[in-house]
Amino acid sequence: MYDIGIVGGGTAGMTAAIYGQRAGKRTVIIEGGSFGGQITSSPNVENYPGIASVSGSEFSMNLLDQAVKLGAETEVEMVTGIRDENGTKIIETTGKEYPCRSVILATGVTHRHLGVPNEERLTGAGVSYCATCDGAFFRGRDVAVIGGGSTALQDAEFLANYCSKVYLVHRRDEFRGEESIVRRLREKENVEFVLSATVKEILGDTVVEGVLLNNKKTGEEFEIKVAGVFIAVGQIPQNEKFSDIVKLDSSGFILASEDCVTSHPGIYAAGDCRTKEVRQLTTAAADGAVAALAACKYTAQ
Ligand code: NAP
């Protein structure tokens, strides 16, 4: 029996494990993919207090190392659901069951797709959702980044180091992401902003050859020739498998406020997977601490 079962090994989940272990609780982090969460695809994190600059992968590996050294157990398994048996929460995975006194859901979010023709078919053949992972394949080529948030801006900045040209395609005139990165991008000769433009179709037979765009102001359609399309249009939660035990909002985020308390006693939600205004690394870490301390209190009852 674990005191705290943590579903998801991103920043929120690993922070929760650190707080749980330091409070003397037996914790397990169950992760379906690889530890680290979304931040691992950030080439450079510059807004985490106390660390001027660090790569997302180094940050998350340090976090995992810290949690494991404190005694947190880790499992790589796909969680399929949670049931409550007389107050004991059973985390169900494809292979095993983990009985826990309390549970922290820190499932994060996944990449939103554009939903345009050829996007799925050309994924891996020029369409990518991770510039850090795939950018190097496009050295010396022209690419497009789609989106206007911090991820898209960071991706464009990162790709400008490899690619001959980076088109940053955004559906509005103003960016949602950090202004400091926008300023840096404006100074780069190989970055071109394509604003008020939406993607109609990704072009290409066996590999990406271009993107068909629509100018929202004039209605004009035009093509840009690129070998890669990096899609960074936000994130969506994946909490359906928990919908029978905790309440979700209409977008699929777990209903929980700053105290991380969900609709089910003893189950907490931390980080990007819950309803919240600000989804940042700092707020994910903060949630991990809040949820873990609440779980510690619950298990002491
Ligand atoms: P985001 O902030 O939600 O931005 C998504 C962008 O995609 C927006 O510009 C949005 O346009 C656009 N978009 C959404 N759906 C679209 C569609 N169907 N077609 C075209 N464009 C579409 O997502 P994000 O950039 O992934 O960032 C997620 C969170 O992580 C944010 O809170 C961000 O600040 C944070 N983040 C932090 C760091 C860091 O700490 N260093 C790095 C990256 C991200 P509109 O603007 O018109 O809505």
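Guide: The crossing of α1 and α6 is right-handed, a term for the near helix being turned clockwise from the far one by less than a right angle. This is a predicted model: local features need pLDDT of at least 70, side-chain atom pairs count only at pLDDT 80 or more, and totals for chains, interfaces and linings use all residues. Residues are numbered from 1 along each chain as its sequence is written, and side-chain values use heavy atoms, with hydrogens and water left out.

Helix α1 spans residues 11-22 and helix α6 residues 281-300. Helices are DSSP runs (H or I, at least four residues), numbered from the N terminus. The two axes come within 7 Å and cross at roughly 40 degrees. That makes α1 oblique to α6. Oblique covers what is left after under 35 degrees (roughly parallel), over 145 (roughly antiparallel) and 65 to 115 (roughly perpendicular). Axes are lines fitted to C-alpha atoms over the stretch in contact, and angles run from 0 to 180 degrees between N-to-C directions.

Now the contact (heavy atoms within 4.5 Å). From α1 come Thr 11, Ala 12, Thr 15, Ala 16, Tyr 19 and Gly 20. Helix α6 supplies Leu 281, Ala 284, Ala 285, Gly 288, Ala 289, Ala 292, Leu 293 and Cys 296. By class, ten of the contact residues are nonpolar, four are polar and none is charged. Here Ala, Val, Leu, Ile, Met, Phe, Trp, Tyr, Cys and Pro count as nonpolar, Asp, Glu, Lys and Arg as charged, and the others, Gly among them, as polar.

Definitions and conventions. Helix = DSSP H or I, 4+ residues; strand = E, 2+ residues; numbered from the N terminus.
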